Amino acid sequence: MTDATLRSLPTAAPTSAAPPRRDIGLKRRYGAERRFKAYGIAAVGTGLFFLCWLLYTVISQGYTAFWQTEIRLPITFAANIVDPRGTGNPDMATLQRANYPKLAQDAIVAKLGIDPADRGAARDAAALVSANVRAELRDVVASDLTLIGKTQEVWILANSVVDSGVKGQFDLSVEESRRPLNDRQLGYIQQLEQDGALEQRFNWGLFTFGNSSRAEAAGLGVALIGSAWMMLIVLVVSLPIGVAASIYLEEFAPKNKFTDFIEVNINNLAAVPSIVYGLLGLAVFINYMSLPRSSALVGGLVLSLMTLPTIIIATRAALKAVPPSIRAAALGLGASKNQMVFHHVLPLAMPGILTGTIIGLAHALGETAPLLLIGMVAFVADYPATPLDASTALPVQIYMWANEAERAFVERSSGAIIVLLIFLALMNFFAIILRRRFERRW
Amino acid sequence: MSTSAIILAVLAIAIAAYALARRKAAGIAAAETGKLHSMPSYHGAYGLFWAALPALLALCAWLILSPILATQDMRSLYPDDLGPQLSAFPGVADDMTRAIAEGIRRMPDAVRATVHQMPIAELSPLLAGLGVPVASAAQDWMIPAALQRIAFDDWSRLAMTIVVIGLALAGAAFALSRIRLRLTARNRVEAVIRSFLVLASTIAVLTTAGIVFSMLFEAMEFFHMVPITDFLFGTVWDPRFAAAGTNASGQFGLVPLLAGTLYIAFVAMLVAVPIGLFAAVYMAEYANNRVRSVVKPLLEVLAGIPTIVYGFFALITVGPFLRDISADINGLLTGTYGSFIQAQSILTAGLVMGIMLIPFVSSLSDDIITAVPRSLRDGSLGLGATRSETVKRVILPAALPGIVSALLLTMSRAIGETMIVVLAAGIAANITINPFEAMTTVTVKIVSQLTGDLDFTSPQSLVAFALGLTLFAITLILNVVALYIVRKYREQYD
Amino acid sequence: MMENVSFASTGAHARPVDLPVKMHGRKVEVFYGQKQALHGVDLEIPERQVTALIGPSGCGKSTFLRCLNRMNDTVEGARVVGDITLDGEDIYNKNIDVVELRARVGMVFQKPNPFPKSIFENVAYGPKIHGLAKNKAHLREIVETSLKRAGLFEEVKDRLDEPGTGLSGGQQQRLCIARAIAVSPEVILMDEPCSALDPIATATVEELIDELKQNYTIVIVTHSMQQAARVSQRTAMFHLGRIVEVGPTEKMFSNPDDKRTQDYITGRFG
């Protein structure tokens, strides 16, 4: 400090009297501060509240979907019904046509001790059994022809209405005519439960059945296989292409207008609405290339294009994180640029690339909109054997069930959402583990 | 040979070429003085590429060109007048002839020899028996054309097999003959690999081009049938499916859809922006590490939930909840229990979409706020400003461009969102300012026009592409502006 | 063809011995975009000697070093004019394969940069990509010899499978030198190899450099005068992208011709 500034300072205030404290509005300002902070906490709280509400809705509506009411009945595979021509070795066509609901009706009527002549009571009792009993009993016979003419205890699906009733999803206090189960049926259900012939068992069918218009026989089997095919296609198509593109852009590309254009392009593609990819798939893959509609192949290709920008962005970030000294070391030893990339940079970037890929895959797994446009909203009951067969996908199945009015389908779609969320959670968990495990700080 | 057999043969030749070239290079290195320019394995790869690439390229070209040439060749046998039904659609005649050819291929040889004498009426049931149904519009003259087609395809396949395998062998032989001590095999192999990399990076550009052109072409088709001004400025959306032959094709007014899209997006932003922004500020400026490490991932869970789940949530829970609560409020106020919020409404869709966008806003804003240099923050706090004053007066203004671009990206997300509005917004194309009523959006209509049976010649289907183009254009502009701002903003602190 | 470099090129303290020239740069100019980093540099590098490049930071010494094995090719927008020969052959000639060149002219960097692989893999990488080893046993022999020459073998012989990044700074740098030696280069370029090391590690590396000149031609960039004096036989002083003086190290430090050299070695600028 020079003398000049010293001299220009105001004469010091008398030290005896402390300077009066200025009013700088502290009280008001601290009030504002508290309010501001409260807004922040409220915002975070609201976000978390919504998360809890959503998860609560899904789980409370859906956890029951993993159990399914079944009825154990001693079915007599009467030869005159199953094998009317009495060959002892009926072919598949004969087995297909047999009147299995009759077998089930006879069995339940006998079990409940109803007078077979009482048509109304017999009909009420038969209605407790799922209409899917036709397929169930057919499969039982077809797998063991010696059963013909014999009696066998079989667990068969209860009707979805019975299922909902047993799970307590109906208000039983309303007037009898306005509820799907009448008092007589409720009595039968109680009777069966006491016999131990009606109980809730783990719902394997949810994972193995194809779609069905009957809630109790509708499952995610086709959707799971379709989604698995698509994830495989996304992985096989977009991982190599995405990694190759990133390597070029990050390691080889000169800085020029063209690479700049590609960059802008990729960033934009990452933000294009997913439904637009569906339009692309419809116009290019289905209309122009005539690939089969509703197939996992087209779905997989559309999702691949959609996932590509995510993978490219993640891969480029991972490549960027590899320090330049590693590159210099490799080049200094006389490694070619390709060798430098493939021997050193790429392996070091791999955890980051895989993390990005898994997150991209998880995103693709939950994507619905583009799949609606390429015809995956199809009623598919048979497993797709190849990616060219008609199939559906997990989120699309949720969409289709969500549009059904029946209470049992709400439960199914919530259950399907739980399955989807578990898959997503596992994938993200795996990605986090991968990142933690292999993350390298330079 | 079938295509897959040819591919396998080429791959086998290529692998053999790899082994031979590698061995030859190693042999040369051992026999001659001097050092190989490239490692023997690169010589192997050199042989492999020469054997496989030209052959596979030729195969691709052949597979694309051959059907086109075959169709032309087949058409030379068509009569001048195809008949009333087919003359307008020669493509349909091609398809039918091709189907007949396919059926004839499946016949046993004895039957096949007699085919050329049959009339189509006799042939059709035979083909149907072989699993190839032939449309009733099939004509007699299609049979010789189909036979011609079979002959052409057989010839073409034979020629393709010879050419492709020949090329593979020639390529392998050429590569082997070139191998010597100073052959720059590595450089050549790497150049090929690099061109693969370039090719991969252009896929992104091709995708964009694919999106733009596919939608442009189909939309042009649509604008041939419906004037573009009617589409852009029409206020009525009523795409009734006209009876065949009539020209009444309904009205395709974009305005009600666009209004619904923007309204719902606006409501969503009203929910998401304050919550997201305050959450981000709280997390960046107030929360301690422990709170942050718990809350941040939890909020990000919201972002990881698929939109179909939000749609379901809106449909099953939020919609009925709002409807019932509005009935209660109405009952308290007026005594009549009528709900004034419909289960499917702008409010429902907007609210749920807003919830979905909270983590999007908060994580974008968080990145931007934490990117504001510490020195600015310290400068303000050092002057005695409170935290909230620092945030309001220093950090937010400094982060403003970034936040604006984050909001634009969020807006683009909201406009392009599909599943929530499909399930929660309704399908009635109203124009209303009452947020408790249903309104529909562009994305909802794209889905509803394209699910079910498709007819790529009707305006009812094609309008979806015009809508898609509109959607793409709007989101593209928002994204480009946002990315531009982000770039500028990054440079500011770099 | 063989050139000889006279150690009496500048100044009066001539030496009778002439050494063969390993590398020779003539009128080397380097541009980074618009900026010119080197202006017409001429320098001869004698075989099996240590040549030190000294000068204040930003003087172009590292730039020149990186020209000698074309590491500047990896810098976007860098352009090299003039010619540099290795055994009389122009290394910027179109027919020269840059990979082959770098196998002959190896490089050790300022900061030790071992690959995040095992010690063995670090050293074995070069011989592997260049196909120098006939078999596994031979590869092992190369790795051991290189580690021995770099004076590291005794310290790491029991843990060759442990990651190279786990070594101390000085050990890492010697590992990098071993890695460079394993390729059997003719020239080793060292870009301030000791700047990230403590004094004890520096002393070890300096001893190593002194031994290595029996077999290799070494060019070392250093900002430490003492180091240049300790390890090199010949020194070139760079200033503002030009060589202001070049000659035997002894003479440079005892009796420099150029005023700027004098100022620099006595610490007036730098």
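**Figure 1. Domain 1 and domain 2 of chain A in a predicted model.** The C-alpha centres of domain 1 of chain A and domain 2 of chain A lie 45 Å apart in this predicted model. Domain 1 covers residues 71-203 and domain 2 covers residues 221-438 of chain A, the bounds being taken from an automatic or database domain assignment. Residues are numbered from 1 along each chain as its sequence is written, chains are lettered from A and ligands numbered from 1 in the order in which they are written, and side-chain values use heavy atoms, with hydrogens and water left out. Local features need pLDDT of at least 70 and side-chain atom pairs count only at pLDDT 80 or more, whereas totals for chains, interfaces and linings use all residues.

**Figure 2. The interface of domain 1 and domain 2 of chain A.** Six residues of domain 1 of chain A are in contact (heavy atoms within 4.5 Å) with five residues of domain 2 of chain A. The size of an interface is often given as the accessible area lost when the parts come together. Here the buried area, that is, the accessible area (1.4 Å probe) that two parts lose on being put together, summed over both, is about 450 Å² between domain 1 and domain 2 of chain A, with 32% of this area given by carbon and sulfur atoms. On the side of domain 1 of chain A, the residues that lose the most area to domain 2 of chain A are Ser160(A), Gln169(A) and Asn203(A), which together account for 64% of what that side buries.

**Figure 3. The salt bridge of Glu411(A) and Lys167(A).** The side chains of Glu411(A) and Lys167(A) meet in a salt bridge, with an N to O distance of 3.1 Å; the term stands for a side-chain nitrogen of Lys or Arg within 4 Å of a carboxyl oxygen of Asp or Glu. One salt bridge is found across the interface of domain 1 of chain A and domain 2 of chain A. Between these two domains of chain A, two residue pairs, both at pLDDT 80 or more, are in polar contact, a term for a pair of N or O atoms within 3.5 Å, where within protein one must be able to donate a hydrogen and the other to accept it, and where residues adjacent in sequence count only if both atoms are side-chain atoms. The side of domain 1 of chain A that touches domain 2 of chain A consists of no nonpolar, four polar and two charged residues, where Ala, Val, Leu, Ile, Met, Phe, Trp, Tyr, Cys and Pro count as nonpolar, Asp, Glu, Lys and Arg as charged, and the others, Gly among them, as polar.

Figure 4. Gly415(A) is found in helix H19 (residues 407-438) of chain A; helices (H or I, at least four residues) and strands (E, at least two) are DSSP runs, numbered from the N terminus. With a relative accessible area of 0%, Gly415(A) is buried, on a scale where buried means under 20% relative accessible area, exposed over 50% and partly exposed in between (1.4 Å probe, protein chains only). Residues up to four places away in sequence aside, Gly415(A) touches Gly62(A), Ala65(A) and Phe66(A). The C-alpha atoms of Gly415(A) and Val58(A) are 7.7 Å apart in space, although the two residues are 357 residues apart in sequence.

**Figure 5. The surroundings of Glu70(A).** Glu70(A) lies in strand E1 (residues 67-76) of chain A and counts as buried, at 13% relative accessibility. The side chains of Glu70(A) and Arg201(A) are joined by a polar contact of 3.5 Å. Not counting residues up to four places away in sequence, the residues that Glu70(A) touches include Trp155(A), Leu157(A), Ala197(A) and Glu199(A).

**Figure 6. The interface of chain B and chain C.** Six residues from chain B and eight residues from chain C take part in the contact, and the area buried between the two chains is about 510 Å², to which carbon and sulfur atoms give 43%. Lys35(B), Met39(B) and Arg186(B) supply 70% of the area that chain B buries against chain C, more than any other three residues. Two salt bridges are found across the interface of chain B and chain C, and Arg186(B) forms a salt bridge with Asp97(C) in which the closest N and O atoms are 3.0 Å apart.

**Figure 7. The interface of chain B and chain A.** Chain B and chain A bury about 6,700 Å² between them, 78% of it on carbon and sulfur atoms. One salt bridge is counted between chain B and chain A, and the side chains of Arg29(A) and Glu389(B) meet in a salt bridge at 2.7 Å, N to O. Helix H7 (residues 185-225) of chain B gives the largest share of the side of chain B that touches chain A, 19 residues.
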